[in-house]
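Here is a short briefing on one protein model. Look at the sequence and structure first, then work through the points by topic.

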Amino acid sequence: MMSNTKKLVLAGVLVAIGLLLPSVFHFVVPSLARTLSPLHLPAFFAGFLLGGPWGLAVGLITPLLSSLLTGMPPLFPMGVSMMVEIGLYGLISGLLIKEYKIKNVIVVLLLAILVGRLGFTITMNSINGIINPVAWSIGLYANIVAGIPAIILQCILIPLLIPRLKKVL
């Protein structure tokens, strides 16, 4: 079992990666940076490796710091909505893996993505004062469809790296 100090250090490293990775993507392949959502990855890794509360913390802190330090994403409404979304990614993936002992990483990822994207849609629509349920449904659908490249990347990368990272931690 990992000590709290080691968990805190790993969470800090994941936040740092979450701040660095999008910048690298924007510099190297700007057209893919938004499409592949590199900011989402650290929260998933925190959830899978450290558990739900740590995943939530990494998922809340990373977009907030990114917004404050780089202006990306803009804090309102996008940054706040992403904090909810990415925080839910970390929380749900961690709870499903650690507490509910679901072994299938892809199932966990897809459930966490669905809950996170729903959280994003609810937050964004609430901030913007949209109360029409049809608009909410369309927004959720558009959010999921727009995220398909990132979802594919996450479903490939995370199952490949989690077992390897667990061995070294």
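L165 counts as partly exposed because its relative accessibility is 30%, and partly exposed covers the range between under 20% (buried) and over 50% (exposed). L165 sits in helix α8. Keep in mind that this is a predicted model.

**The nonpolar patch**
- L165 belongs to a nonpolar patch on the surface.
- Two helices, α7 (133-146) and α8 (148-168), each supply at least two residues of the patch.
- Helix α8 gives the most, with seven residues.

**Helix α7**
- α7 has 14 residues, so at 1.5 Å a residue it should span 20 Å.
- The end C-alpha atoms of α7 are 20 Å apart, which agrees.
- N132 caps the N-terminal end of α7.
- In this cap, a side-chain oxygen of N132 lies 2.8 Å from the backbone nitrogen of V134.

**The salt bridge**
- How many salt bridges does a search of the whole structure find? It finds one.
- The side chains of E85 and R117 meet in a salt bridge, at 3.6 Å from N to O.
- This pair links distant parts of the chain, 32 residues apart.
- E85 is in helix α5 (residues 75-99), and R117 is in helix α6 (residues 105-127).
- Side chains of opposite charge can pair when their charged atoms come close.
- E85 is buried because its relative accessible area is 3%, under the 20% cut-off.
- R117 also counts as buried, at 4% relative accessibility.

Conventions:
Residues numbered from 1 in each chain as written. Predicted model: local features only at pLDDT ≥ 70, side-chain atom pairs only at ≥ 80, totals over all residues. Heavy atoms only, no water. Patch = residues over 30% accessible without salt bridge, like charges linked within 9 Å, V, L, I, M, F, W, Y side chains within 5 Å. Areas by Shrake-Rupley, 256 points an atom, 1.4 Å probe, with all protein chains shown as cover. Salt bridge = Lys/Arg side-chain N within 4 Å of Asp/Glu carboxyl O. Helix = DSSP H or I, 4+ residues; strand = E, 2+ residues; numbered from the N terminus. Buried < 20%, exposed > 50% of the residue type's maximum accessible area, 1.4 Å probe, protein only. Expected span 1.5 Å × (residues − 1). Polar contact = N/O pair within 3.5 Å; in protein donor to acceptor, adjacent residues only side chain to side chain.
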